[in-house]
Amino acid sequence: MKVPRPTRGRGSPLRKVLSVVFAVLIFYSVPLEWDVGENWPSKVIGLAAFVAGVGGLIWVTWRHVRRYLEEPAATGGRVDGILLLLCVVAMFFALYYYRLAVQYPGQFDGIVTRTDALYYTIVTLGTVGFGDIHATGQAARIATMIQIVFDLVVIGTLLAITSSGLSRRLAQAAAQVAPAGEPPGEISDSLDTSE
């Protein structure tokens, strides 16, 4: 029988940071316009950064899945998994928005660079909507609606996981406080000193 490893506090923040770093590497280096031409060294470096980002993201995801399989009841592992999924999907939405804006200039007002697309994706995720970049075409509006629905589902899932973890911890704390043999929440007859 395998003994579960103690949870390491330092590994989780490092995995989160690495996930974001690898996703951003993929986002900024994915070759959307691939024409080797004269500037082939920068294309090769971009491709190498893309491969490193994909490889790193696969490695971080594998470590996360392995940790989750070892400790399936760990709330932190579930939250990490949802945040990793959110990070990856946000990068893919941003790539789609950028590619849509480049291919069909009338779809967005304000998306010119990849950073603009990433900014729009994060603003949409945060439900802020400053209005400086907005969808004007039908394809852009449909993609934005899909992202909003996805974001709401993810945020609802995060809240559900967090609240169930908190409820479980409160129930465990109440069980430790209750006298032996009595369910938590009931007043003990042994504490009645009125006789």
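Me: Which hand does the crossing of α4 and α5 have?

Reply: In this predicted model, the crossing of α4 and α5 is right-handed. Helices here are DSSP runs of H or I with at least four residues, strands are E runs of at least two, and both are numbered from the N terminus.

Me: Which residues in α4 and α5 meet?

Reply: Tyr120, Thr121, Thr124 and Leu125 of α4 meet Thr144, Gln147, Ile148, Asp151 and Ile155 of α5, where contact requires heavy atoms within 4.5 Å. Four of the residues in this contact are nonpolar, four are polar and one is charged. In this division Asp, Glu, Lys and Arg are charged, Ala, Val, Leu, Ile, Met, Phe, Trp, Tyr, Cys and Pro are nonpolar, and the others, including Gly, are polar.

Me: Which residues touch the most other members of the largest nonpolar core?

Reply: They are Tyr97, Phe108, Ile111, Ala117, Tyr120, Ala135 and Ala140, in a core of 14 residues. Helices α3 (75-103), α4 and α5 each supply at least two residues of this core, and its largest share, six residues, comes from α3. Apart from it lies another core of eight residues, among them Val30, Cys87, Ala94 and Leu95. A nonpolar core consists of buried Ala, Val, Leu, Ile, Met, Phe, Trp, Tyr and Cys residues joined through side-chain atoms within 4.5 Å. Leaving aside neighbours within four places in sequence, Ala140 is in contact with Leu100, Gln107, Phe108 and Ala135.

Me: Why does Thr127 count as exposed?

Reply: Its relative accessibility is 60%, and exposed means over 50%, buried under 20% and partly exposed in between (1.4 Å probe, protein chains only). Thr127 therefore counts as exposed. Thr127 lies in the loop between α4 and β2 (134-135), and has a positive phi of about 50° although it is not a glycine.

Me: What makes Gly126 partly exposed?

Reply: Gly126 has a relative accessible area of 41%, so it belongs to the partly exposed class. Gly126 is placed in the loop between α4 and β2. Gly126 and Asp151 are 25 residues apart in sequence, with C-alpha atoms 8.6 Å apart in space.

Me: Why is Leu32 counted as partly exposed?

Reply: Leu32 is at 22% relative accessibility, so it is partly exposed. Leu32 lies in the loop between α1 (11-29) and α2 (40-70). Not counting residues up to four places away in sequence, Leu32 touches Leu95, Tyr98, Arg99 and Arg114. The C-alpha atoms of Leu32 and Leu95 are separated by 8.9 Å, although the two residues are 63 apart along the chain.

Me: How many helices and strands does the protein chain have?

Reply: The protein chain has five helices and two strands, arranged along the sequence as α-α-α-β-α-β-α. Buried residues are 32% of its 195 residues.

Note on methods. Residues are numbered from 1 along each chain as its sequence is written. This is a predicted model: local features need pLDDT of at least 70, side-chain atom pairs count only at pLDDT 80 or more; totals for chains, interfaces and linings use all residues. Side-chain values use heavy atoms; hydrogens and water are left out. A crossing is left-handed if the near helix is turned anticlockwise from the far one by less than a right angle, and right-handed if clockwise.
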